[in-house]
Amino acid sequence: MWGAPAEPVDSYYEVRPECTDVPITRFKIKPGKTLSARKWHAAFSPDGQLDIGKTLHRIQLGGIHPTIRGEVWEFLLGCYDPKSTFDEREQIRQNRRVQYARWKNECCEIFPVVGSGANANSTEIVKELTSRGPLDKKVIQWLLTLHQIGLDVIRTDRTLVFYEKQENLSKLWDILSVYAWIDTDVGYCQGMSDLCSPMIILLEDEADAFWCFERLMRRLRGNFRCTESSVGVETQLSNLAAITQVIDPKLHQHLETLGGGDYLFAFRMLMVLFRREFSFCDSLYLWEMMWALEYDPDLFSLYEEPGSNIEKAEGSKGKAKSIRQCGKYERENLKIKSSEAPLPISVFLVASVLKDKSSKLLQEARGLDDVVKILNDMTGNLDAKKACIGALKLHKKYLKKAKMT
């Protein structure tokens with residue numbers, strides 16, 4: 001109801017009472033702006049087709065109510081086609097649950113701790129590696145990865161009451177283990193537990209949470225792909241440097257002088273999408289704003305095409321699509337006559353943050369340690385909506401200036 005007071009969201013993601021140093025949550029449920037359960041359900045036709053355009057507009061206005069966040073994210077991340085019916089989605093859901101169970105059983109046969117409700121320790125992993133005969137290279141690599149997953153799981157979102165329950169920690173461990181098994185190219189890297197954790201909190205069924213995470217990884221896995229000489233995220237850091245050089249050449253020059261021309265100080269922001277710079281709830285709000293702005297109605301069909309790459313294919317914006325069904329950022333990208341895949345909005349978000357801190361960085365940063373300190377001081381002081389608006393403005397400005405050069 002318009003005029004009703006904004007509702008705090010702390011009760012939905014309860015923090016352990018002894019954790020007093022967590023960033024404050026700025027996001028509030030605003031009647032008339034936040035996508036409510038009533039508005040969400042009203043956006044479906046009788047047979048289940050979703051009016052995605054109207055939904056994106058509402059999300060961009062005020063985020064998503066925590067009670068429906070998980071099911072809305074499934075659409076934003078391309079798990080389902082908004083033009084599908086209730087029955088079609090239920091069939092897809094059941095098929096995916098069967099597929100996840102199949103993969104999980106494969107993992108369990110190799111290492112029975114998967115699916116047991118416990119987390120593996122290094123002793124069990126070493127025992128498994130040494131007690132059996134010669135193992136396939138894929139199996140050895142996967143078993144070695146489980147140790148790192150175990151270390152990260154117990155450190156992920158430990159301020160939340162949700163993870164006081166062993167069953168929830170086990171869900172996180174199992175999903176990451178299964179994902180590492182099926183994605184042999186990337187496997188598991190630090191930071192992926194931060195991306196997966198919200199899915200488990202928002203979606204009760206483990207298989208549904210897995211598929212939501214798998215869809216998110218299609219967008220981000222390039223960041224985690226490593227070779228002997230490089231880390232995938234370096235491409236985005238190079239893009240960030242190029243953007244900053246165009247929109248704030250003084251700052252770019254200053255950072256280069258300090259030895260920060262590779263922009264590695266922004267590594268964490270891009271790898272885990274600002275999870276450490278915001279409170280848990282505010283990072284979810286930021287993510288859904290980003291995904292709504294970037295939304296491409298072809299996502300589902302692109303991911304489901306037989307033989308399609310696990311990532312969003314480059315040049316996927318070639319087909320004609322309804323502008324109304326696209327996010328605001330995606331609409332701007334559609335105007336560009338380019339065969340190259342557009343840059344993700346996350347790069348412009350970081351550029352926007354640097355632009356806002358430009359004068360402070362120019363005046364106070366005398367070394368890279370100062371740059372890191374100034375950026376770390378932002379934790380809990382960023383506004384997700386303002387950051388997204390800033391990114392959109394910067395995107396337009398960059399395209400305009402880049403066209404002139």
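**Cavities, pockets, helices and salt bridges**

A: A search of the whole structure finds one cavity of 30 Å³ or more. This is a predicted model, in which local features need pLDDT of at least 70 and side-chain atom pairs count only at pLDDT 80 or more, while totals for chains, interfaces and linings use all residues. Residues are numbered from 1 along each chain as its sequence is written, and side-chain values use heavy atoms, with hydrogens and water left out.

Q: What is the volume of the largest cavity, and which residues line the largest cavity?

A: On a 1 Å grid over the protein atoms alone, a cavity is a set of points where a 1.4 Å probe fits but cannot get out, whereas a pocket is an open set with protein on both sides within 12 Å along at least five of seven lines; lining residues have an atom within 4 Å of a point. Grid points are joined across faces, edges and corners, and a volume is the space filled by probe spheres set on the points. Here the largest cavity has a volume of about 40 Å³, and its lining consists of Glu74, Cys79, Tyr80, Arg93, Arg96, Asp208 and Trp211. The elements giving two or more residues to this lining are α4 (86-110) and α9, where helices (H or I, at least four residues) are DSSP runs numbered from the N terminus.

Q: What is the volume of the second largest pocket, and which residues lie nearest its centre?

A: The second largest pocket has a volume of about 720 Å³. Its lining holds 34 residues, of which Asp157, Thr159, Asp194, Arg275 and Arg276 lie nearest its centre. By class, the lining divides into 16 nonpolar, seven polar and 11 charged residues. At least two lining residues come from each of α8, α12 (267-271) and α13, and the largest share, three residues, is from α12.

Q: Is Leu195 buried or exposed, and which residues does Leu195 touch?

A: Buried means under 20% relative accessible area, exposed over 50%, and partly exposed in between (1.4 Å probe, protein chains only). Leu195, found in helix α8 (residues 192-202), counts as buried because its relative accessibility is 0%. For contact, the criterion is heavy atoms within 4.5 Å. Not counting residues up to four places away in sequence, Leu195 touches Phe213, Leu216, Met217, Leu220, Phe224, Met271, Val272, Leu273 and Trp287.

Q: Which residues touch the most other members of the largest nonpolar core?

A: A nonpolar core is a set of buried Ala, Val, Leu, Ile, Met, Phe, Trp, Tyr and Cys residues joined through side-chain atoms within 4.5 Å. The largest such core has 121 residues, of which Trp73, Leu76, Trp142, Met192 and Phe213 touch the most other members. Helix α13 (residues 280-294) gives the most to this core, with 11 residues. Leaving aside neighbours within four places in sequence, Trp73 has contacts that include Ile64, Pro198, Leu284 and Trp291.

Q: How many salt bridges does a search of the whole structure find?

A: A salt bridge is a side-chain nitrogen of Lys or Arg within 4 Å of a carboxyl oxygen of Asp or Glu. The search finds 27 salt bridges. In one of them, Arg218 pairs with Glu214, with the closest N and O atoms 3.0 Å apart; both residues lie in helix α9 (residues 206-224), four residues apart, about one turn of the helix. Arg218 is buried, at 10% relative accessible area, and Glu214 is buried too, at 4%.

Q: Where does the salt bridge between Glu304 and Arg215 lie?

A: The side chains of Glu304 and Arg215 meet in a salt bridge (2.4 Å, N to O). Glu304 lies in helix α14 (residues 299-304) and Arg215 in helix α9, so the pair ties together parts that are 89 residues apart in sequence. Glu304 is partly exposed at 38% relative accessibility, whereas Arg215 is buried, with a relative accessible area of 1%.

Technical notes
Nonpolar A, V, L, I, M, F, W, Y, C, P; charged D, E, K, R; others polar.
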